[in-house]
Amino acid sequence: MMDKFKTVLKIAQKQQTSLGFGLVALLTAGGEQIFSSVVFKCPCSGWNFSYGMVFLLVPALALLVLGYIMSNKTWKLFTGLCLRKSKLCHFKYVCASGVVFFQITTTAAVAPVSWIAVALLNGNYFECAMTGVNVTVFTNHLCDGKSPQCQDELYKFPCGRATHVPQSDSNDVLATIRAESQVLGWLLIASIMVFNLLLTCVARCNSPVSYLQLKFWRVYAQRESDLLESYTADHAEKLAERNLKSFFQQTPPEPVTTPPNQAWEKISSLYRFSTRDHYYSILHKYVEMCHDPAEARDHRISSVRSDGPYTANPAVLAFVDEGKMML
């Protein structure tokens, strides 16, 4: 199951489209159905509200945290941040970091929002939680026109254990709660779709890159990520093999060129877009500038970042630093 989950998440990260995010939503919906039918059992006691809300919200929170953990951009943003305390005092740096974190959140929120939406459409969690609400206005709303004992035995309705309330009244109350849950679920889905459409339109409207170049850029970013992973694994294997061979045979190690710490640090920073340059990633810029002294001298900077360290990328280029999700 976990292997399939990883596969779907990688597809979603690779596609960065409605298809990829749809697969994450579909997998999340399947997990919710399993939890609802196998694990969830409403206690029909004073714990109804807490129990129902825990099943509705805590898995969503866990999925959100998991989305942050699996994003490359999260770790590019936070790795070494505590050693750069001076930058935290710059308002522009904090704002740019906030924009990046918002972009990470929009991707990480796909699974948790899907969980909540499907759970509301299913209605089991919401039904259990609402029968445990001890708010007079709400219970009066549910039990309006019902048996006088309706409010006292409301928490027993999900299990069908109400002894002083007709079954028809119990069914009517549960039907009302389930209908409200499904309405909330559809409103949440519609709101997220409209919000996503507006964000996409605004990002594309302000895109400094044409549509076809943007498609090429996406392909390049994914291929670079794939090849970087492959090259890293091959080089690490060769270095480890060289070291082990030298140790066991007690011979001098063969020369193996590995990038210095400074190079790793530079290509690990977040990409900064600049209209003056034509670089498709931070690695692309490092290779072009650090191996061309004339170009590096023209830019008059020792870092490979563009437009200063406090500039946020256009929203349409949020995919550049993602590569693959971390697992």
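Residues are numbered from 1 along each chain as its sequence is written, and side-chain values use heavy atoms, leaving out hydrogens and water.

Let's begin with pLDDT, the predictor's confidence in each residue, from 0 to 100. The protein averages 81, and 83% of the residues score at least 70. Over residues 299-309, pLDDT stays under 50. Where pLDDT is low, the predicted coordinates should not be read in detail.

Now to the cores. A nonpolar core is a set of buried Ala, Val, Leu, Ile, Met, Phe, Trp, Tyr and Cys residues joined through side-chain atoms within 4.5 Å; buried means under 20% relative accessible area, with a 1.4 Å probe and protein chains only. The largest core has 28 residues, and Phe40 and Tyr125 are among those touching the most other members. Helices here are DSSP runs of H or I, at least four residues, numbered from the N terminus. Which helix gives the most to this core? That is α7, with five residues. A second, separate core of twelve residues includes Leu214 and Phe319.

Finally, please look at α10, residues 211-249. Its 39 residues reach 57 Å from first C-alpha to last, close to the 57 Å expected at 1.5 Å a residue, counting one less than the number of residues. Its buried residues include Leu214, Trp217 and Arg242. After α10 comes glutamine 250, with a positive phi near 55°.

Definitions and conventions
This is a predicted model: local features need pLDDT of at least 70, side-chain atom pairs count only at pLDDT 80 or more; totals for chains, interfaces and linings use all residues. Buried means under 20% relative accessible area, exposed over 50%, partly exposed in between (1.4 Å probe, protein chains only). Helices (H or I, at least four residues) and strands (E, at least two) are DSSP runs, numbered from the N terminus. Contact means heavy atoms within 4.5 Å.
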